[in-house]
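The following dialogue is a tutorial on reading structural features.

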Amino acid sequence: MQRRQFLSAAGASLAAGLASPARAQSTDYRALVCIFLYGGNDGMNMVVPRDAGRHGQYAAVRKALALPQGSLVPLGADYGLHPSMAALAPAWAAQSLAPVFNVGPLYQPLTRDEYLNHKARGKTVPESLFSHHHQQLLWETAHHDASRLSGWGGRAAAARSGTVMAGGGNGRFGLTEHQAALVFPAPGAAFGLEGWFGNQNAARLAALRTLHAESSEQILHNAYAGRQREAMALADQLGPTLRINPKDNPGEAINSAFAPLIDAQRALTTPLARQLYQIAKLIEYRANLPAGLGGSRHIYFATLGGFDTHGNQIGTDVLQGTHANLLKTLADAMAAFHAATEDLGLAANVTTFTQSDFGRTFAPNSSRGTDHAWGNHQLVLGGAVIGNATYGRYPELALGGPDDAGQAQWERLGRWVPTASVDQYAATLLRWWGLGEGQIDGVLPNLRNFGSARGLNFLRA
């Protein structure tokens, strides 16, 4: 059964409000998809130097955690991905994938000396470095002060009168001072009121709608009723799209792209795959989305947790274990999602990027793991990415060297002082997404501290 035949045959609850998706290339549409890796991804084992000299330096420090040079998925001659990320090799070959090196929260450009002597040098250091909670907030807000209430995704969406849409919960990323992100469920789940159908329940639903339609002399009542009406209308519009899943709709166009992540029961196999499948559908059926979600500019937020690998980061050998499994989950889902955007003719209109709390120490600990650090490597993926290239500067692989934030001997663990800021990373994404320089300054107030270095140039105009 083809997708449209299925939609015609499905019940009214599924078909209602579900317009035909726009399949042709849309030059005006652009979407940003953030994947936040909670816990602090070990970027030093995600993108590894391949050249003999630097791989030797890497292996000498990483010891048991060092990935063999020959196991890496080549990113040109100089770098390689963790072998569990082989699903992204085609995207690199197609020039749609790029790593961005040593990005992290900064108030202004900062050298190791300026960090270690910041009071004497008159420099501001981001708040509560190496703390999960605070560093997550600094990445999500793009600010040096963790008390900032809004996220850079929320502020950017609001600049286009839109709202961030999130599949993995509502972090600070999608907040504004007045609005939270729209959080959607996994495929197949109800979005909105549950159980309000059929006979008696239908009458109850009608009564509830009538109550919410009535006006009152009380301002609070009217405000509450208004939000209820908006929520129910939104559920009517998005519910049918969000309910589609591979099991009930084998003809859905994006299923072939996600096929490696669909099991024998026709269910998606990982939480990240379920989130990105929902996002792919919302992009496919974007013509059905209310204008209040951003019109031709959308921002999505997905999450993958478990990266706090203090102990047993590797398994019986370095190619297996917790971190290898997490990176495979990430790469497989990113590759499937990118393939879905290609199938929809929208690969150049969608850019996916990673964020994480912080990087992890270059030097491993005694528990076959790594500890909290600062600057980290990120990945950007999409048809607009100037791929098959790397961006930013890879740290010098020396403990206590020019990139290490550690001062005393025991602190020299390879906690890299970032050489690119979250602001520059986000500005590059938002400029491509369509914000002007004045709007970007409003979303990223610390960007002006970087002078003319207002981006990292990894996206086409």
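This is a predicted model: local features need pLDDT of at least 70, side-chain atom pairs count only at pLDDT 80 or more; totals for chains, interfaces and linings use all residues.

Q: How does α8 cross α14?
A: Axes are lines fitted to C-alpha atoms, for helices over the stretch in contact, and angles run from 0 to 180 degrees between N-to-C directions. Angles under 35 degrees count as roughly parallel, over 145 as roughly antiparallel, 65 to 115 as roughly perpendicular, and the rest as oblique. The axes of α8 and helix α14 (residues 422-433) come within 12 Å and cross at roughly 20°. The two helices are therefore roughly parallel. A crossing is left-handed if the near helix is turned anticlockwise from the far one by less than a right angle, and right-handed if clockwise; α8 passes α14 in a right-handed crossing. On the α8 side, Trp152, Ala156 and Ala157 meet Ala426, Leu429, Leu430 and Trp433 of α14.

Q: What is the geometry of α12 and α13?
A: The axes of helix α12 (residues 271-284) and helix α13 (residues 322-343) come within 9 Å and cross at roughly 15°. They are therefore roughly parallel to each other, and their crossing is right-handed. Leu272, Ala273, Leu276, Ile279, Ala280 and Ile283 of α12 make the contact with Thr329, Leu330, Ala333, Met334, Phe337 and Ala340 of α13.

Q: How many aromatic pairs does a search of the whole structure find?
A: Rings of Phe, Tyr and Trp (its six-membered ring) pair if their centres lie within 6.5 Å; planes under 30 degrees apart count as stacked, over 60 as edge-to-face, and the rest as tilted. The search finds 15 aromatic pairs. The ring centres of tryptophan 152 and phenylalanine 173 are 5.1 Å apart and their planes stand at 85°, so this pair is edge-to-face. The pair links distant parts of the chain, with tryptophan 152 in helix α8 (residues 152-159) and phenylalanine 173 in the loop between β6 (165-166) and β7 (182-183), 21 residues apart. Tryptophan 152 counts as buried at 0% relative accessibility, and phenylalanine 173 also counts as buried at 0%.

Q: Which residues do ring pairs link into a cluster?
A: The cluster contains Phe36, Tyr38, Trp139, Trp152, Phe173, Phe301, Phe353, Tyr391, Tyr425 and Phe458.

Q: Where does a charge sit over a ring?
A: The criterion is that NZ of Lys or CZ of Arg is within 6 Å of the ring centre and within 35 degrees of the ring normal. Arginine 54 lies over the face of tyrosine 394, at 5.7 Å from the ring centre. The charged end of arginine 415 sits over the ring of phenylalanine 130, 5.2 Å from its centre.

Q: Which residues other than glycine have a positive phi?
A: Most residues other than glycine have a negative phi. Among those with a positive value here, asparagine 102 has phi near 50° and serine 161 has phi near 55°. Asparagine 102 is in strand β5 (residues 97-104) and counts as buried at 0% relative accessibility. Serine 161 is in the loop between α8 and β6 and counts as exposed at 57% relative accessibility.

Q: Where does leucine 72 lie, and which residues does it touch?
A: Leucine 72 lies in the loop between α3 (52-62) and β3 (73-75) and counts as buried at 6% relative accessibility. Not counting residues up to four places away in sequence, leucine 72 touches Val48, Pro49, Arg50, His55, Leu67, Gly80, Leu81 and Pro83.

Note on methods
Residues are numbered from 1 along each chain as its sequence is written. Side-chain values use heavy atoms; hydrogens and water are left out. Helices (H or I, at least four residues) and strands (E, at least two) are DSSP runs, numbered from the N terminus. Buried means under 20% relative accessible area, exposed over 50%, partly exposed in between (1.4 Å probe, protein chains only). Contact means heavy atoms within 4.5 Å.
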